[in-house]
Amino acid sequence: MSSALGPKLRAKARDADLCGVVIAFDLDNTLLDPSGLAYRNTVTEFLDHPGLGLSAEEAFTEYEALRGKGEALERLGLRNANHDRGNADALAALCLTCDVGSELLRALDVSGQHAASYHLFLNRLAELDLSTRRGNLEERLEAELAVRRFCAADGRSADFRGQVARLSCHPRIAEWASRYRTIEQRQSLENVRPVVHDLVDRGAGVVIITEGKVATQEEKIHRIGLAEIFDGRVLVSEAAATFPGVSEFRTHLEKRLQECAQSDDTIPDRELFGLWQTHCVLETWNRKTPAFFARCLHAICRNPLGCERELANLTVVSEEDWRQQPLRFVMVGDRYESDVLPLLQLLGPGAGLRIRITEGKYGGFHRDDDLLRDQGPDLTFNTWASLARHLTDDLTADSISPIESAPDVFFGLARPRHFRLLDGRYQWHWTTAFDGRSS
Ligand SMILES: [Mg+2]
């Protein structure tokens, strides 16, 4: 325990006055160092290479823009740099899409003309991919089919993928990617560790609620030395949308989408549309949406110490005892859109406690409108030092309103037609193609 926390804090630590309180932390820019300096330095170190023909600043901007098209890269079977920054695929894609004469590209017989063409191709693909996340279900399905038709019709799709595969093995890029892995220092913010330990000493349950891939998030937690204290309590969006039967479902959906994209019949049949609806529900669980938070809260209520395992258990929705266990819940995060707003939408302004820390890179993003004035975070802190003082000096179990009505919200969001009651438990129920089966 740090002496900086003071005698008052240490006295409180003995009180166990936070028994029954669950405090959830976002990971990136909340527990992790937000400066990203090591990342920036490592990227620019590579990108400053004279053969690339860009200044370090320009190249970094280009690279960040490319990371924003991570989903488009994923469409081509490449690694997504959005959540997994510094990977060789992304760096190779950057070289291919930068409209400059490059030593690396010349070595691989890739001309500048190709680079300009790839740039346009990737931009168009990213644009189409983005539209699959907008509009109603029908519009999103149409957009999904449009992406597939575009990829199939444009010869650059396979060409680009092949070039990235070649280029990502280039010694310079492979070396950079490997060095990035070892150099990147992910550090916790100052005060994080003593405060988290203190909260645990005071009886609070601490969990992490974060978006992304399970392995990536766990690696970050390990690096900042908090793996032990959050053991079994790391709730990652990928895990919320992954349970038995899902991969089978995805394979079937993928097959049907390809068939539909290849046929002249542009109107999807009922089965495909049903599968698509289910896919869209899974997508809401795979991002920081109200539905994802509902699953997290439900998992915590079911098994506070083992909520991570519980999150992948779909039957959590069937337990009546959820209603009998009011939960005192605090969420600490940096982004209004993903750490504050979804919980407001899920629970309303009266339940739980939402704390925003603006020390990270999203600190400058404020919602200066009526919604924020009426439904902003309950507390906002500019630095972890000020947040730490509140958590250690002012927070008590009594200051947090309990949450009692999440299951109803959950059922509404999760579209209950995808579930059916079997042997007293709700089971995942696929649409027509999987009639008679449950997972
Ligand atoms: Mg964050």
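## Strands β2 and β3

In this predicted model, strand β2 (residues 205-210) pairs with strand β3 (residues 234-236) in the parallel sense, over 3 bridges.

Helix α12 (residues 214-223), together with β2 and β3, makes a β-α-β unit. The unit is right-handed.

## Strands β2 and β1

β2 also pairs with strand β1, again in the parallel sense. Here 4 bridges join the two. Start at valine 22, whose bridge partner in β2 is glycine 205. Then find phenylalanine 25, which stands opposite isoleucine 208 in β2.

## Strands β1 and β4

β1 (residues 21-25) has another partner, strand β4 (residues 327-333). These strands run parallel, joined by 5 bridges. Valine 21 has arginine 328 as its bridge partner in β4.

## Two covered faces

In a regular strand, side chains alternate between the two faces of the sheet. Now look at each face of β1. Val21, Ile23 and Phe25 lie on one side, Val22 and Ala24 on the other, and all are buried. That covers both faces of β1, with 5 of its 5 residues buried.

How many of the residues of β2 are buried? The count is 6 of 6. On one side sit Gly205, Val207 and Ile209. On the other sit Val206, Ile208 and Thr210. Both faces of β2 are therefore covered, because the residues on each side are all buried, with 20 or more other C-beta atoms within 10 Å of their own.

Definitions and conventions
Residues numbered from 1 in each chain as written. Predicted model: local features only at pLDDT ≥ 70, side-chain atom pairs only at ≥ 80, totals over all residues. Buried ≥ 20, exposed ≤ 12 C-beta atoms within 10 Å, placed from the backbone. Pairing = 2+ DSSP bridges. Right-handed = clockwise from strand over helix to strand, strands pointing away.
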